[in-house]
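Have the structure open as you read along.

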Amino acid sequence: MHFLYVVYSPKADKYYTGESINVPARLELHNSHKYLKAFTKAASDWEIRLIFKCETKKDAVYLERYIKRMKSRKFIKKIIDRPEILNEILSTK
């Protein structure tokens, strides 16, 4: 089981999308700046806004890349409000 997740930093006013098998542990790594060259090093107040369960890692990575290709804050807010959109995206791949 894999998860797509979206985290938000109020300090940086930014969203980040990723995938993991353990989202709480990954969030801790983002907030502790374990990834030195990562996008998330800009802040240490990341909070989970969305966790979406995927059947496979392939599906989680597909959704992560899809969202990042969109380069749209509006789209991220839309999927946070309506996560069922992600099922629709997966059904059309």
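Q: Why does isoleucine 76 count as buried?
A: In this predicted model, isoleucine 76 has a relative accessibility of 11%. Buried means under 20%, so isoleucine 76 counts as buried.

Q: Where is isoleucine 76 found, and what is it in contact with beyond its neighbours within four places in sequence?
A: Isoleucine 76 lies in helix H3, residues 73-81. Leaving those neighbours aside, its contacts are Val6, Tyr15, Thr17 and Ile67.

Q: What makes H2 oblique to H3?
A: H2 and H3 pack at an angle of about 140°, and their axes are 8 Å apart. Angles of 65 to 115 degrees count as roughly perpendicular and those over 145 as roughly antiparallel; H2 is therefore oblique to H3.

Q: Which residues meet where H2 packs on H3?
A: From H2 come Tyr66, Ile67 and Met70, and from H3 come Phe75, Ile76 and Ile79. By class, this contact has six nonpolar residues, with no polar and no charged ones.

Q: Why are H2 and H4 called roughly perpendicular?
A: Helix H2 (residues 57-70) and helix H4 (residues 84-91) pack at about 105°, with axes 11 Å apart. The range for roughly perpendicular is 65 to 115 degrees, so the label applies to H2 and H4.

Q: Which residues make the contact of H2 with H4?
A: H2 brings Asp59, Tyr62, Leu63, Tyr66 and Ile67, while H4 brings Leu86, Ile89 and Leu90. By class, the contact has seven nonpolar residues, no polar ones and one charged residue.

Technical notes
Residues numbered from 1 in each chain as written. Predicted model: local features only at pLDDT ≥ 70, side-chain atom pairs only at ≥ 80, totals over all residues. Heavy atoms only, no water. Axes fitted to C-alpha atoms, helices over the stretch in contact; angles between N-to-C directions. Helix = DSSP H or I, 4+ residues; strand = E, 2+ residues; numbered from the N terminus. Parallel < 35°, antiparallel > 145°, perpendicular 65-115°, else oblique. Contact = heavy atoms within 4.5 Å. Nonpolar A, V, L, I, M, F, W, Y, C, P; charged D, E, K, R; others polar. Buried < 20%, exposed > 50% of the residue type's maximum accessible area, 1.4 Å probe, protein only.
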